[in-house]
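Trainee: Please pick one part of this model and take me through it slowly. I'd like to follow how it is built and what it touches.

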Amino acid sequence: MVMARFGSLADPSATFALAGVRVIDPATNTDAVRDLVVADGVIRNGEAPAGIPRLDAAGLVAAPGLCDLHTHLRTPGDERAETIASGMRAAAHGGFTTVCAMPNTDPPLDDPLRVRGLLANATHAAARVRVVAAATRGRAGEQLTDHGALAAAGAIGFSDDGLAVASAAVARQALSYLAPLGLPLVQHAEEPNLAAGSLMRGGPTATRLGLGGWPASAELTIIERDLALAAETGGWIHFTHLATAAGLEPIRRARASGVRVTCDVAPHHLALTDAWVAGDRRFAWENGRDPGSGWAGLDPELAYDGTCRVNPPLPTREDAMALLAALADGTLDAIATDHAPHPPERKAVPFAEAAPGLIGLETALGIGLAAVMAGHLELSTLLAALSTRPAALIGESRSLAAGSNADLVVFDPRRSWRVERSALASRSANTPLLGMDLPGVVRLTVAAGRITYDAGLIGSK
Amino acid sequence: MTATRIPTWTRRHLLDVDDLSRAELEAVLDLGVELRARRAAGELSDTLRGTAVGLAFYEPSTRTRVSFELAARELGATVTDLSVAGSSVAKGESLVDTLRTLERTGVRMIVLRHAASGAPYLAARSLERAAILNAGDGTHAHPTQALLDALTLREALGSLEGARIVVVGDAVHSRVARSDLHALVRLGASVVLSGPPAWVNPFAEWPGLSVVTDLDAGLAGADAVMALRVQRERAAGGGVPSITEYVARWGLTAERLDRACPGAWLMHPGPANEGVEITAELSGDPRSLIGRQVENGVPIRMAVLSLLTEEMDRW
């Protein structure tokens, strides 16, 4: 690994010049090879300031800084899994300049003081932290948190993520109350009674493995219900980590009829499949000719690996392909990682006992690039779904046009890297991708004009 | 005299029967027959002398536990019983840590029963030398039950090739069902699965299996019927509206068994809920193989222990 250096949002503004970099900027529909000059943290037209060397960046891609709508920072309460510092280094290493911290901490982020505290502790981190506050007190699904006070404290959305806001009445109340605040109810769409006892996506592989199956209707019923509630209240419903094809069509229909609905998908639901629980390690698009893969293979070396337990569960191949297509056609607004770190002892246990979730900040770009290289996604779509589109949902701008604050990632799409413990900045390494190679090496991340990660591109090698 | 060596057997663990070839399955059954005869004649050899076998039962069990213990002892093994309730497991020790501790004390074969599907795979990956024998994991697999069922059926029918076997009941929550399906299909049987929709429909795509919710239709032409245990709490969980309804539609009675081939055999892995899966009269019916299933438990487990012991020195 090239000597890499992490910086922070409190560092001095950066000045550098990259020569011959491929600039892809969804904000301005740009895809051009040119020089990229940053002076005092601002993107400039023309020549580099005197004394600043033009660094050869041929073959590299520069894109707006990535924005994650869904990160579990595990702070407060579970700092063994992740801290603000380690999580934001993982973000910077993955090309992210903003992450939205989810509220299912211990205690949960259901109080304005805790939201302010988290934000205050993150000012020197390697990426911006925004906060999604709990939608209900204690995430118990019964009584709304003080949405107005939480918004004033900085919350950009409200969610009981990890759980759905299961009560239709409470969800309706939240959407109604949030409507004038202009902030979304971020719904983990999963009907708890339908999902009860499930450990993986229902289907032939779940039957084969003897693991309780999660039915797609668990997601669909909440989507249909909340679309009706959003239509009725005028509230903004945001569905996070969609994992089935079934919910996409109702979302398209509702959006066309004027409902304020947005949604995101996790990288693992675009590429990994339920067959991974049986030990398959092929991406969704790699096993198209083998529809019976769930039956053929139970790999004793990899089956039942706790790192494959995640909620919502890894989808069927057909669902993953439909989600990829929905990203391309704009039904899905964004890719959000659902970065969910866990220490090893929560994963080195029987599958049913494994804590759900996998890390994603450092692998999201690579998974997306793998889909691009396989021809299932346009590079510009991927980068928009990771940067400008999610950023717009939380009121952040991203642009590589002259005069913009430098907030960008530079990566080498020709090189790949091996996902292994020593290559990860996160405190946790719970991902079934461990040991696999992913395309796309991040060389530089700049957040708010500061270099937050530099793999030998700007600094000395 | 040592047990017959099976040249094709190169496995360190017995996690399921799904990856055993037909030749391997037949070889285990053959060895079971041989060991059963030697046991009856008092001519067992100490195949497992000097081998420490650990029983790690994280769930209650009678017949599997007892037959594994007898099989190991009669082959000369030292058997140690990790009584879960009184061990460090009760103090929250993880499965992997507990099994590694057993391994370090010199236990070379661990018979593992666990409530979580896949636990034996995790165990096998976590150990350096010890062999794992899956004595039932969650709702996933119960390989020795499948082997003794296959042996019982093979002896009753002569061969499983082309035989029509009906499996009836709560397959989705049954480790016995899954391992039996693998073994019976691999041995050439034509297998029909019947039961309430929620308990059998998930198996629609299982290779070599036909799923028929209507048991009376499925029984036509059956050479044997295997009833699965119905857990009352599962029934309450939505598989069937009530036990009464289950009995009416899927309970095995003498009259219903008459729809099968004349002389069709009846099986049950036990413990049976008499009056639910099968009537009390049927358990004692001459067509019942239930007693023979239990009798084959020890020889089949002896066969498996012998094979893994021979293999052990390679690891």
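Mentor: Let's take chain B, whose mean pLDDT is 93, with 95% of its residues at 70 or more; pLDDT is the predictor's confidence in each residue, from 0 to 100. Keep in mind that this is a predicted model: local features need pLDDT of at least 70, side-chain atom pairs count only at pLDDT 80 or more, and totals for chains, interfaces and linings use all residues. To find your way around, residues are numbered from 1 along each chain as its sequence is written, while chains are lettered from A and ligands numbered from 1 in the order in which they are written. For the complex, the predictor gives an ipTM of 0.95 and a pTM of 0.95.

Start with the overall build. Chain B has 14 helices and nine strands; these are DSSP runs numbered from the N terminus, with helices being H or I of at least four residues and strands being E of at least two. Its C-alpha atoms fill a box of roughly 55 × 45 × 35 Å along the principal axes. A compact globule of 315 residues would have a radius of gyration near 20 Å, and chain B, at 19 Å, agrees with that. (That radius is taken over C-alpha atoms, and the globule rule is 2.2 Å times the number of residues to the power 0.38.)

What about the inside? Of the 315 residues in chain B, 51% are buried. Buried here means that 20 or more other C-beta atoms lie within 10 Å of the residue's own, exposed means 12 or fewer, and partly exposed is in between, with C-beta atoms placed from the backbone. Now look at who touches whom: among contacts in chain B with a separation of 6 or more, 74% join residues 24 or more positions apart. A contact is counted if the C-beta atoms of two residues, placed from the backbone, lie within 7 Å.

Next, the chain comes in two parts: domain 1 (22–142 + 295–312) and domain 2 (144–293), with bounds from an automatic or database domain assignment. Their C-alpha centres lie 26 Å apart. Where they meet, 20 residues of domain 1 are in contact with 22 residues of domain 2. On the domain 1 side, helix 1, strand 4 (131–137) and helix 14 of chain B each supply at least two residues. The largest share, five residues, comes from helix 1 of chain B. Sorted by class, that domain 1 side has seven nonpolar, eight polar and five charged residues. For those classes, Ala, Val, Leu, Ile, Met, Phe, Trp, Tyr, Cys and Pro are nonpolar, Asp, Glu, Lys and Arg are charged, and the others, Gly among them, are polar.

Let's zoom in on helix 1 of chain B. It runs over residues 22–40, and at 1.5 Å a residue its 19 residues should span 27 Å; the end C-alpha atoms are 27 Å apart, so the two agree. The expected span is 1.5 Å times one less than the number of residues. Its buried residues are B:Leu25, B:Ala27, B:Val28, B:Leu29, B:Leu31, B:Gly32 and B:Leu35. While you look at that list, remember that an α-helix has 3.6 residues a turn, so residues three or four places apart point the same way. The buried residues of helix 1 pack against helix 5 (143–157), helix 6 and helix 14 (297–312) of chain B. After the helix comes B:Gly42, with a positive phi near 70 degrees.

Now a single residue. B:Ala163 sits in the loop between helix 5 and strand 5 (164–168) of chain B. It counts as buried because it has 22 C-beta neighbours inside 10 Å. Leaving out residues up to four places away in sequence, B:Ala163 touches B:Leu157, B:Ala189, B:Ser190, B:Asp223 and B:Ala224. By contrast, B:Ser67 is 96 residues away along the chain, and the C-alpha atoms of the pair are separated by 28 Å.

Finally, step out to the partner. The contact between the chains takes 23 residues from chain B and 19 residues from chain A. On the chain B side, helix 3 (95–104), helix 4 (119–126) and helix 6 (175–186) are the elements that give two or more residues. Helix 4 of chain B has the largest share, five residues. By class, this side of chain B has 11 nonpolar, seven polar and five charged residues.
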